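Thank you for making time for this. I would like to walk through one model with you, so please keep the display in view while I talk.

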Amino acid sequence: MILDTVMMGLDKNLIGQKLEKDVYSETGILVVAAGTYISEKIYQKMESYFINNVHIKKKETKDKKYQDYAVIKSTYLKNVDKMKTVLKDISLNGTVDDEMIMNITNSLALHSQKMGYFIDCIQDLKSTDEYTYNHSINVAIYAMLIGSWMKLPEIDIQYLVLAGILHDVGKSKIPNEILNKNTRLTDEEFAIMKKHSHLGYCIVKDMENIPEDVKKAVLMHHEKLDGSGYPLRCKSKQIPKFAQILAVADVYDALTSKRVYKDKITPFETFKEMSKMGYSHFAPDVLMTFLKNIVYYYVGFKLKLNTGEIGEILYVSPLNNYQPLIKVEDKVIDLSLDKRYSILEMV
């Protein structure tokens with residue numbers, strides 16, 4: 001059964017699909033029986049019981065999945081190219097193409113119902129050379145996901161996408177020898193790099209079509225709850241919600257990306273690392289929402305183990321999100337129980 005089903009976060013896009021497993025509340029009450037098709041009313045019932053995840057059947061054909069992925073991949077790559085143009089125009093001419101920025105925002109929002117394919121693109125198209133441009137698009141995508149999972153209003157989710165696209169726009173004013181340095185930055189160079197959030201704010205602060213919440217997120221996305229962030233060393237509730245969301249999205253993409261001076265780490269290592277950073281860095285509600293939901297997008301992904309074997313992720317427990325259940329040929333490996341195995345890389 002587990003090979004034919006997938007666990008998904010509760011989402012309105014599941015309306016019309018059939019539940020493959022009984023759905024129970026946290027207190028053990030049967031909310032909806034297996035075999036039930038999710039209607040609007042059933043969805044509302046599960047939502048009222050605070051159900052987070054359900055099991056549904058994998059039903060897309062390979063051809064349909066490939067076609068959808070091809071469309072999203074094309075959209076993703078076009079937006080990365082547009083991001084290059086935006087940043088280069090700011091760097092060379094001091095001009096901001098706000099029409100192109102809104103075009104990128106609307107393009108991502110248009111495909112918001114296919115976010116799983118964007119995760120596939122991010123995983124497949126990690127590029128050291130294109131990091132600055134890819135990173136802005138990736139953060140916008142992760143911010144969109146977090147906003148959806150937190151059930152924010154649609155307008156806020158759209159603004160989060162815009163904030164993600166713009167969050168590193170200040171790097172266009174950082175000298176190339178620092179921005180593209182192929183070794184780790186010195187303390188002096190890092191001090192210059194840290195100015196990018198304030199420089200970004202200076203670029204967007206007078207743009208009339210950019211909401212104030214977005215401008216503040218550009219300025220404050222490197223603030224930390226314990227006050228150790230920059231540029232304002234804000235603490236806790238002083239940090240706006242949009243900036244708190246960008247902080248999680250930004251760190252997750254940075255850790256899972258390969259840079260010229262560091263290797264990327266797997267999503268599962270990143271879950272563990274971000275949990276360690278915990279609530280001195282991140283807002284608890286944002287971090288918990290992200291870690292609880294992002295794991296399910298990796299079900300079905302291929303990975304290489306330390307043994308050299310290639311496996312497929314079958315299940316990720318929300319209580320132990322960095323040690324998934326993996327199928328390798330005819331055997332199933334629980335990484336939380338069998339310490340002989342570890343994940344080497346995603347493939």
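This is a predicted model: local features need pLDDT of at least 70, side-chain atom pairs count only at pLDDT 80 or more; totals for chains, interfaces and linings use all residues.

Ring pairs link Y142, W149, Y252, F268, F271, F290, Y297, Y298 and F301 into a cluster, where rings of Phe, Tyr and Trp (its six-membered ring) pair if their centres lie within 6.5 Å, and where planes under 30 degrees apart count as stacked, over 60 as edge-to-face and the rest as tilted. Residues are numbered from 1 along each chain as its sequence is written, and side-chain values use heavy atoms, with hydrogens and water left out.

By the ring rule, the count comes to ten aromatic pairs. In one of them, the rings of Y252 and F271 have centres 6.0 Å apart and planes at 10 degrees, so this pair is stacked. Y252 lies in helix α11 (residues 241-255) and F271 in helix α12, so the pair ties together parts that are 19 residues apart in sequence; helices here are DSSP runs of H or I with at least four residues, strands are runs of E with at least two, and both are numbered from the N terminus. Y252 and F271 are both buried, buried meaning under 20% relative accessible area, exposed over 50% and partly exposed in between, with a 1.4 Å probe and protein chains only. For Y298 and F301, the ring centres are 5.2 Å apart and the planes stand at 70 degrees, so that pair is edge-to-face, and both of these residues are buried.

Let me turn to the core. The largest nonpolar core has 99 residues, and those with the most contacts inside it are M46, L108, Y142, I294 and Y298; such a core is a set of buried Ala, Val, Leu, Ile, Met, Phe, Trp, Tyr and Cys residues joined through side-chain atoms within 4.5 Å. Its largest share, eleven residues, comes from helix α5 (residues 131-149). Leaving aside residues up to four places away in sequence, Y142 touches I119, I122, A249, Y252, D253, F290, I294 and Y298, contact meaning heavy atoms within 4.5 Å.

What does T270 touch, not counting residues up to four places away in sequence? The partners are Y252, L255, T256 and I265. T270 is found in helix α12 (residues 267-281), and at 0% relative accessibility it counts as buried.

Helix α12 also lies across β6 (310-317), β7 and β9, running at about 160 degrees to β7, with axes taken as lines fitted to C-alpha atoms, for helices over the stretch in contact, and angles running from 0 to 180 degrees between N-to-C directions.

As for the sheet, five strands form an open one in the order β8-β7-β6-β5-β9, with antiparallel pairing, two strands being paired if DSSP finds at least two bridges between them. β8 (331-334) and β9 (343-346) stand at the edges, each with a single partner strand, so one side of each is left without a neighbour in the sheet. The twist averages 40 degrees from one strand to the next. Strand β7 (residues 320-328) pairs with β8 in the antiparallel sense over four bridges.
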